Amino acid sequence: MRKSFGHVEVLKGIDLTVAPREVMCIVGPSGSGKSTFLRCINHLERVDAGRLSVNGHLVGYREKGGRLHELRDSEVAAQRREIGMVFQRFNLFPHMTALENVVEAPIQVKGVGKAEARERGAALLERVGLADRMHNYPNQLSGGQQQRVAIARALAMEPMLMLFDEPTSALDPELVGEVLDVMRGLAADGMTMVVVTHEMGFAREVGDTLVFMDDGAVVEAGDPRQVLTDPQHERTRAFLSKVL
Amino acid sequence: MSPDSSTTPAPPEQIRAVPVRHPGRWIAAAVIAVLAAMFVHMLVTNPVFQWDFMVDNMFSDAVLRGARTTLIMTVLAMVIGVLLGILLAVMRLSANPIVSGAAWVYIWFFRAIPRIVLLFFVANLGALYARYEFGFPFDQQLMDLFGFEADWRLFGFDGNEIFVGFTAGLIGLALSEGAYMAEIVRAGIQSVDPGQAEAAHALGMSRGKTMRRIVLPQAMRVIIPPTGNETIAMLKDTALLIAVPVTTELNFQLRAIGSRTFQVIPMAVASILWYLALASLLMVGQYFLERRFSRGFGNRETRQQRAARRARDVGSTH
């Protein structure tokens with residue numbers, strides 16, 4: 001698939017496949033298009049060329065009579081329900097408590113009953129270790145706690161794919177671990193995940209595939225241990241020598 | 001401080017320094033006290049104020065009815081104005097250039113027209129058309145075209161019945177307010193981090209739900225303070241209803257007493273005090289609204305948090 005902003009082509013042909021239960025980590029220098037690629041997966045950015053499909057369904061388009069038709073807003077929204085996303089800057093809803101953040105989409109989008117949603121929301125917050133912070137507003141939580149609420153919020157929609165856009169980049173170093181622990185648990189439970197990250201340790205330990213991107217293209221992809229210890233391309237080697 | 005360490009040195013002595021003196025404050029206080037005393041002296045000694053007469057007349061039935069009209073008009077015009085403003089702001093931010101352009105034209109027109117001019121115009125719409133009817137556009141022309149002698153109207157009213165008095169005033173003020181509120185609401189919506197809408201979309205929320213549940217509640221924090229200004233401005237602008245004319249309004253009633261009894265100053269002062277009191281009342285409302293929509297932004301404890309903390313405190317004492 002390809003993607004351009006105006007005349008600038010930011011994704012110059014990405015060809016990747018993520019299997020169910022697979023954890024794919026994408027690394028690369030800033031401006032390499034990793035985040036843009038991630039945002040294309042749930043149609044926060046539109047794909048300009050090629051095909052991108054999730055669970056066999058084309059993202060953002062419908063193919064009919066040999067032509068692509070853009071999906072309506074409601075159809076795009078329906079597609080996004082299947083895909084959870086966690087942002088670098090958390091993007092929690094600041095006017096709602098942690099629990100209200102988590103139950104908002106199930107109640108408003110899926111039509112789950114309030115009592116049921118609250119029960120499930122509380123269980124999710126417990127799973128990310130925040131049972132005692134349920135009624136706090138985001139500004140009363142640390143960055144690591146906010147990001148864990150954001151993960152619980154995405155999980156509340158019971159997605160089959162989770163996207164992480166540099167989930168630990170805005171955190172103090174000592175708070176990174178608690179977020180990675182939650183993600184590790186998710187991977188262990190068999191969640192399909194695409195993670196844009198700078199945490200090479202996490203990629204090596206948890207990732208099934210490591211993708212190195214540079215300048216809008218995939219330079220190298222493969223087993224994380226392989227890529228990290230024995231990179232095949234000069235560009236990968238130069239990048240890794242700086243970050244490891 | 002660890003209690004078991006006998007080797008730690010004694011804590012440093014508490015500082016008792018001479019505070020900096022502020023002679024400027026004392027001089028300013030003295031000057032202002034003298035000016036205030038002069039002002040009070042004038043209020044008490046000048047017989048033109050006629051305080052007894054003012055108090056006797058500023059709570060007459062007609063004045064109280066006028067205050068009620070003024071308050072009701074303020075609240076109704078603001079409610080319609082705010083709803084209109086939200087609609088226009090959303091239209092203005094629409095990706096559809098026709099819708100956005102229409103909102104721009106509305107705001108352009110109604111912000112440019114002085115309220116007193118608008119009120120006078122609305123009050124005379126009965127002279128433009130005697131009867132206003134709503135139905136299928138160009139129905140009579142179309143029927144003529146096909147050779148029928150009929151029309152298709154749903155409802156209608158007489159211009160001279162609707163565009164008078166209170167209703168005319170309300171229409172004029174609300175239409176004008178909608179234009180100002182549209183700009184305030186637009187600023188509020190644009191002040192919300194775009195990441196919020198993105199997060200809502202990523203959860204599968206529709207555009208409408210994202211606006212109602214996520215963006216607008218956060219925009220309210222920015223919208224409320226200038227809306228408070230608008231409400232107080234609206235309270236004062238009800239005095240313009242004389243252009244309609246609406247004579248049951250507060251200022252007209254007070255002035256009427258003043259002109260009838262030739263006691264102009266006492267009734268003008270009464271007017272000042274009335275508007276001061278009503279504006280203060282509205283400010284109390286604004287305070288509570290601001291508190292409601294600042295949830296999650298201050299350090300205020302929520303009810304659940306207070307309950308949880310108390311439960312913890314009780315638990316730890318046992």
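Contact here means heavy atoms within 4.5 Å, and helices (H or I, at least four residues) and strands (E, at least two) are DSSP runs numbered from the N terminus. With that in hand, welcome to a predicted model, in which local features need pLDDT of at least 70, side-chain atom pairs count only at pLDDT 80 or more, and totals for chains, interfaces and linings use all residues. Residues are numbered from 1 along each chain as its sequence is written, chains are lettered from A and ligands numbered from 1 in the order in which they are written, and side-chain values use heavy atoms, leaving out hydrogens and water.

**Helix 10 of chain B**

- Helix 10 of chain B covers residues 194-202, and its buried residues (under 20% relative accessible area, 1.4 Å probe, protein chains only) are B:Gly195, B:Gln196, B:Ala199, B:Ala200, B:His201 and B:Ala202.
- The cover over these buried residues includes helix 2 (73-80), strand 8 (83-86) and helix 5 (143-155) of chain A, together with helix 11 (207-237) of chain B.
- After helix 10 of chain B comes B:Gly204, with a positive phi near 90°.

**A hairpin in chain A**

- Strand 6 (residues 61-64) and strand 7 (residues 67-70) of chain A pair (DSSP finds at least two bridges) in the antiparallel sense, over four bridges.
- A:Lys64 has A:Arg67 in strand 7 of chain A as its bridge partner.
- Two residues lie between the strands of this hairpin, and A:Gly65 takes a positive phi near 60°.

Technical notes:
Buried < 20%, exposed > 50% of the residue type's maximum accessible area, 1.4 Å probe, protein only.
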